[in-house]
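Hello,

Here is the structure I promised to pass on. Please open it alongside this note, and you can follow each point as you read.

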Amino acid sequence: MKTLPTPIAAYVAASNARDPQAIAACFTPDATVRDEGGVHQGRAQIASWARETGQRYRSTIEPAAIDELDGGARLQAVVRGDFPGNEVRLAFRFTLAGDHIAALEIAP
C-alpha cells in the first residue's frame, strides 16, 4: 500500500487513539464530516462526533488501500469495533487542503 498523506495518517492515528481533540485538529476550522447520515461542521462539532462515535463503537481503522483523487484521496479500510459483526470495510473519502482535511465522507 502507498504511504498515507500526512493529514490522513494523522487522522487514522488519532482515531485509533480515540482522541477527539487530535482528530478535530486534523481538519480545517470549517471542515465537514459526513457519517451515518449526519453532517458535522467545524472542529467543535467534529470533536463531538469523534467523542460520541469513539465511545459508542470503540473502533480502530486498519488502512487497506488508498487511491489518489483530484484534491484528495479515498482510503479503503477495515474498521473493527463494538458493532454487529465486529468488522466492516468502509471507504473514507478525504478532501485535502494543504496539511489538513477539508472534508471527509465515510460510507460502506
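To start with something to look up: which salt bridge do the side chains of arginine 80 and glutamate 87 meet in, and what is its N to O distance? The answer is a contact of 3.0 Å, N to O, between the side chains of arginine 80 and glutamate 87. Here a salt bridge is a side-chain nitrogen of Lys or Arg within 4 Å of a carboxyl oxygen of Asp or Glu.

Before going on, a word on how to read this: the model is predicted, local features need pLDDT of at least 70, side-chain atom pairs count only at pLDDT 80 or more, and totals for chains, interfaces and linings use all residues. Residues are numbered from 1 along each chain as its sequence is written, and side-chain values use heavy atoms, with hydrogens and water left out.

**Salt bridges**

The structure holds six salt bridges. Arginine 80 also meets glutamate 62 in one, at 2.5 Å, N to O. Because arginine 80 lies in strand β4 and glutamate 62 in strand β3 (residues 60–69), this pair ties together parts that are 18 residues apart in sequence. Helices (H or I, at least four residues) and strands (E, at least two) are DSSP runs, numbered from the N terminus. Arginine 80 counts as partly exposed at 33% relative accessibility, as do glutamate 62 at 41% and glutamate 87 at 46%. For these labels, buried means under 20% relative accessible area, exposed over 50%, and partly exposed in between (1.4 Å probe, protein chains only).

Glutamate 36 and arginine 56 form another salt bridge through their side chains, at 3.4 Å, N to O. Glutamate 36 sits in the loop between β1 (27–35) and β2 (38–41) and arginine 56 in helix α3, so the pair links parts 20 residues apart in sequence. Arginine 56 is partly exposed, at 37% relative accessibility. Salt bridges that share partners join Glu36, Glu52 and Arg56 into one network.

**Aromatic pairs and the core**

A search of the whole structure gives five aromatic pairs. Rings of Phe, Tyr and Trp (its six-membered ring) pair if their centres lie within 6.5 Å; planes under 30 degrees apart count as stacked, over 60 as edge-to-face and the rest as tilted. The rings of tyrosine 11 and phenylalanine 94 have centres 5.6 Å apart and planes at 70°, so this pair is edge-to-face. Since tyrosine 11 belongs to helix α1 (residues 6–16) and phenylalanine 94 to strand β5 (residues 87–97), the pair ties together parts that are 83 residues apart in sequence. Tyrosine 11 is buried at 4% relative accessibility, and phenylalanine 94 is buried at 1%. Together with Phe27 and Phe92, Tyr11 and Phe94 form one aromatic cluster.

Tyr11 turns up again in the largest nonpolar core, which has 29 residues; those with the most contacts inside it are Tyr11, Phe27, Trp49, Leu75, Phe92 and Leu104. A nonpolar core is a set of buried Ala, Val, Leu, Ile, Met, Phe, Trp, Tyr and Cys residues joined through side-chain atoms within 4.5 Å. The largest share of this core, five residues, comes from α3.

**The largest pocket**

The largest pocket holds about 460 Å³ of space. On a 1 Å grid over the protein atoms alone, a pocket is an open set of points where a 1.4 Å probe fits, with protein on both sides within 12 Å along at least five of seven lines; lining residues have an atom within 4 Å of a point. Of the 21 lining residues, Asp35, Thr53, Tyr57, Ser59 and Val79 are the closest to the centre of the pocket. Helix α3 gives the most to the lining, with five residues.

**Loops worth a look**

Arginine 58, in the loop between α3 and β3, has a phi near 45°, a positive value in a residue other than glycine. Asparagine 86 has a positive phi too, near 60°, and its place is in the loop between β4 and β5. That loop also contains proline 84, which is exposed, with a relative accessible area of 80%.

Best wishes

How values were computed: Points joined across faces, edges and corners; volume = space filled by probe spheres on them.
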